[in-house]
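Please find below a note for a colleague who is meeting this structure for the first time.

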Amino acid sequence: MDGFLQLAISGVAMGSIYALVGLGYALIYNASHVVNLAQGEFVMLGGMGAVSLAGLGLPLPVAMFLAVVGTALVGLLMARLTIEPRRQAPVLSLMLLTIGVGIVFRGVAMLLWDKEVHTLAPIGSGDLIRIMGVTIVPQTLWVIGLMIVAVLAVDSFFRRSRHGKAILAAAAHPMAAQLFGIKIDVVLRWSFTLSAFLGGLAGVLVTPLTFTSYDVGLNLGVKGFSAAIIGGMGNGLGAVVGGLLLGLTESMAAGYLSSSYKDLIALLVILAVMLLAPQGIFGARHKERV
């Protein structure tokens, strides 16, 4: 039982990272009907940025905060310079454009930093917590807790803020939203900025647990995309549940079978969901083209 709980905590922690990345996919998909295949690079930028800023001597919380904000600004620039000017292009062309942007991000990161693996000090004390025979790394609690806070904050943003309601309106019916004076370009900027913020947050949270490098966004981007697919593309709640399910599945597969099989088991889960529920667990959100 202790071993199961240990694996469950580890799985929820990694699943929380996948959930944040998957939620970023859902935000941009709702705003533009585009799958941003550079979403994983936001995770890389957050982690590498925090490592660099902490290396300059900034306090860890300040370094993490600035890294996340800087990543959000990168997302805003990406929307403004690459997506907005080509908003009327076919969706497939925009998706290919995001792939190109991701390649540029990785190339620039390799030049700015290096090809080495980097890590980051954990938030707060690094002392292990032992409860009922289960050993908990404090960073995992920070990951899970801040994921919950981020999800609640995003939900509040959509329910209470004018910009959040504008994004929901544009997602539900873009043409009607434009008739009511909602600017789709502004919606795109907010969506990319918020998505990049979530990706940067995932980056600064996961780096103390694992590592970061210029190409770490490839794997985390795929896992976040898988979470979005499992939950239902464009469904924010589904992305969170899909991320947690994926993290738990990987952890259990690594613990009871072998770490070599965790990616395979995760893939089987995705295939099972696609076969049994093609629209995802909670159903994908389809809408008119922007």
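1. The mean pLDDT of the protein chain is 85, and 94% of the residues reach 70 or more. Confidence is highest in helix α2 (residues 39-55), at a mean of 94, and lowest in helix α7 (residues 174-179), at 70. Where pLDDT is low, the predicted coordinates should not be read in detail.

2. The largest nonpolar core comprises 69 residues. Leu20, Val204 and Leu205 have the most contacts inside this core. Leaving aside residues up to four places away in sequence, Leu205 touches Ile17, Leu20, Ile123, Gln139, Trp142, Val143 and Leu146.

3. Helix α11 covers residues 262-276. From first to last C-alpha, its 15 residues reach 21 Å, close to the 21 Å expected at 1.5 Å a residue. Its buried residues are Ala266, Val269, Ile270 and Val273. Viewed down the axis of α11, these fall within an arc of 95°, so they line one face of the helix. Helices α9 (216-231) and α10 (236-256) are among the elements covering them. The face turned away from the buried side carries the exposed residues Leu275 and Leu276.

4. Leu271 also belongs to helix α11 and is partly exposed, at a relative accessible area of 44%.

5. Thr98, in helix α4 (residues 91-112), is buried, with a relative accessible area of 0%. Among the residues that Thr98 touches, not counting those up to four places away in sequence, are Val34, Asn36, Met78 and Ile83.

6. The structure holds five salt bridges. Arg80, Glu84 and Arg189 are linked in a network of them. Glu84 counts as buried at 9% relative accessibility, whereas Arg80 is partly exposed at 41% and Arg189 is partly exposed at 28%.

7. A further salt bridge joins the side chains of Lys223 and Glu250 (2.7 Å, N to O). Lys223 lies in helix α9 and Glu250 in helix α10, so the pair ties together parts that are 27 residues apart in sequence. Both Lys223 and Glu250 are buried.

Definitions and conventions: Residues numbered from 1 in each chain as written. Predicted model: local features only at pLDDT ≥ 70, side-chain atom pairs only at ≥ 80, totals over all residues. Heavy atoms only, no water. Core = buried A, V, L, I, M, F, W, Y, C linked by side-chain atoms within 4.5 Å. Buried < 20%, exposed > 50% of the residue type's maximum accessible area, 1.4 Å probe, protein only. Contact = heavy atoms within 4.5 Å. Helix = DSSP H or I, 4+ residues; strand = E, 2+ residues; numbered from the N terminus. Expected span 1.5 Å × (residues − 1). Arc of directions from axis to C-beta. pLDDT = per-residue confidence, 0-100. Salt bridge = Lys/Arg side-chain N within 4 Å of Asp/Glu carboxyl O.
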